[in-house]
Amino acid sequence: MAPHGKGRNMDLGLAGKRCVVLGGSRGIGRAIALGLAAEGADVAVCARGGDPRGRSALHEVEKRLRALGGRVHVRACDAGVAAPQADFLDGVRQAFGGVDVLVHNASALALGPSLEDLQACLHLDVLAAARACGQVIPWMKEAGGGSIVLVASISGIEASPGADFGYAAAKAALIAYAKKLAVFHGPDGIRANAIAPGSIEAPGGRWERIRHEDPARYEAVRATIPWGRLGTPQEVADVVVFLASPRAAWITGACVPVDGGQHKGMR
């Protein structure tokens with residue numbers, strides 16, 4: 001997998017596959033969308049586009065995707081709202097004829113301890129994923145199979161000292177949901193996996209802001225990572241693209257940490 005289509009080291013068998021990335025205009029989601037397109041896939045992306053920054057990010061990722069040559073379907077859509085998400089996915093089916101790969105990357109990123117934070121994370125991180133899976137799985141069954149990748153977090157597999165109760169609970173639920181999908185829909189030829197990224201630094205993202213605004217906190221987190229640095233969106237995307245591909249045909253029900261050894265549990 002070469003980044004952004006600059007030659008390939010391995011054919012992952014994704015050429016012509018119809019892929020959806022929910023939350024795909026920035027950071028990890030953007031890297032996933034571009035990674036899939038670089039492998040020859042058709043890629044549909046939705047993300048919130050209600051402000052100028054969001055619209056600009058969507059426009060930029062659409063331009064990059066089209067430059068890679070496959071079919072592209074990009075829409076502004078809040079995955080946390082059922083009707084627009086359903087309309088977006090119906091639009092993908094109409095444009096592409098079906099869905100072979102679903103990647104759920106949308107997240108509320110509500111990192112506080114309140115009930116409202118929990119509700120926000122469950123609503124977008126978990127329930128939006130469940131709605132999307134419920135809509136596309138029948139299409140995958142009709143096509144003879146498919147692959148689902150849910151983007152969770154190491155917060156869902158190891159408790160940190162932070163106050164992100166709702167976020168951690170939602171990501172743990174997402175990991176469990178992927179396992180259940182894998183077991184239940186294995187006979188349908190559908191694989192489902194989760195990934196658990198650690199602290200990932202993206203241009204304009206949360207950790208870049210923390211590096212500038214709270215360097216002591218940034219350095220404290222960096223010191224927990226054996227590699228001595230935070231991860232990149234491309235490093236996460238490479239794992240997602242592999243898991244989505246036929247090359248990962250015997251991997252299902254897994255939760256794959258992508259964290260440079262940041263979490264220290266045995267799981």
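## Surface and overall size

The accessible surface of the protein chain comes to about 12,000 Å², and carbon and sulfur atoms account for 57% of that surface. Keep in mind as you read that this is a predicted model. Of the 267 residues in the chain, 50% count as buried.

How far does the chain extend? Along its principal axes, the C-alpha trace spans about 50 × 40 × 35 Å. A compact globule of 267 residues would have a radius of gyration near 18 Å, and the protein chain, at 17 Å, agrees with that.

The protein chain has 8 helices and 7 strands. An open sheet of 7 strands runs in the order 3-2-1-4-5-6-7, with parallel pairing. Which strands sit at the edges? They are strand 3 (72-76) and strand 7 (255-258), each of which pairs on one side only. From one strand to the next, the twist averages 15 degrees.

Strands of a sheet pair through backbone hydrogen bonds, either parallel or antiparallel. Here, strand 1 (residues 18-22) runs parallel to strand 2 (residues 42-47), and 5 bridges join them. Strand 1 also pairs with strand 4 in the parallel sense, over 4 bridges. Strand 4 in turn pairs with strand 5, again in the parallel sense and over 4 bridges.

Val20 is found in strand 1, and its bridge partner in strand 2 is Ala44. Cys19 has Val101 of strand 4 as its bridge partner.

Strand 4 is covered on both faces. Val101 and Val103 lie on one side, Leu102 and His104 on the other, and all of these are buried.

Is Val20 buried or exposed? Its relative accessible area is 0%, so Val20 is buried. Beyond its neighbours within four places in sequence, Val20 is in contact with Ala44, Phe88, Leu89, Val92, Val99, Val101, Leu102 and Val103. Ala33 is 13 residues from Val20 along the chain, and their C-alpha atoms are separated by 8.1 Å.

Ser147 lies in strand 5 and counts as buried, because its relative accessibility is 2%. Leaving aside residues within four places in sequence, Ser147 has contacts that include Asp100, Val101 and Leu102, and Met140, Arg191, Leu243 and Ala244 are also among them. Ser147 is 33 residues from Lys180 in sequence, with 14 Å between the two C-alpha atoms.

Asp42 belongs to strand 2. With 7% relative accessibility, Asp42 counts as buried too, because buried means under 20%. Not counting residues up to four places away in sequence, Asp42 touches Gly16, Lys17, Arg18, Cys19, Gly70, Arg71 and Phe96.

## Helices on the sheet

Helix 4 (residues 115-143) lies across strand 1, strand 4 (101-104), strand 5 (146-151) and strand 6 (190-197). The helix runs at about 180 degrees to strand 4. Helix 5 (residues 165-185) packs on the sheet as well, touching strand 5, strand 6 and strand 7. The direction of helix 5 makes about 160 degrees with that of strand 6.

## A pair of helices

Now turn to helix 6 (residues 206-213) and helix 7 (residues 215-222). Their axes come within 5 Å and cross at roughly 120 degrees, and the two helices are therefore oblique to each other. Which residues make the contact? Helix 6 contributes Arg206, Trp207, Ile210, Arg211, His212 and Glu213, while helix 7 contributes Pro215, Arg217, Tyr218 and Val221.

## A loop residue to look for

One last stop is Leu109, in the loop between strand 4 and helix 4. Although Leu109 is not a glycine, its phi is positive, at about 50 degrees. Leu109 counts as partly exposed because its relative accessibility is 47%, a value that falls between the 20% cut-off for buried and the 50% cut-off for exposed.

Terms used: Residues are numbered from 1 along each chain as its sequence is written. This is a predicted model: local features need pLDDT of at least 70, side-chain atom pairs count only at pLDDT 80 or more; totals for chains, interfaces and linings use all residues. Side-chain values use heavy atoms; hydrogens and water are left out. Two strands pair if DSSP finds at least two bridges between them. Axes are lines fitted to C-alpha atoms, for helices over the stretch in contact, and angles run from 0 to 180 degrees between N-to-C directions. Contact means heavy atoms within 4.5 Å. The radius of gyration is taken over C-alpha atoms; the globule rule is 2.2 Å times the number of residues to the power 0.38. Buried means under 20% relative accessible area, exposed over 50%, partly exposed in between (1.4 Å probe, protein chains only). Accessible areas come from the Shrake-Rupley method with a 1.4 Å probe; for residues, only the protein chains shown count as cover. Angles under 35 degrees count as roughly parallel, over 145 as roughly antiparallel, 65 to 115 as roughly perpendicular and the rest as oblique.
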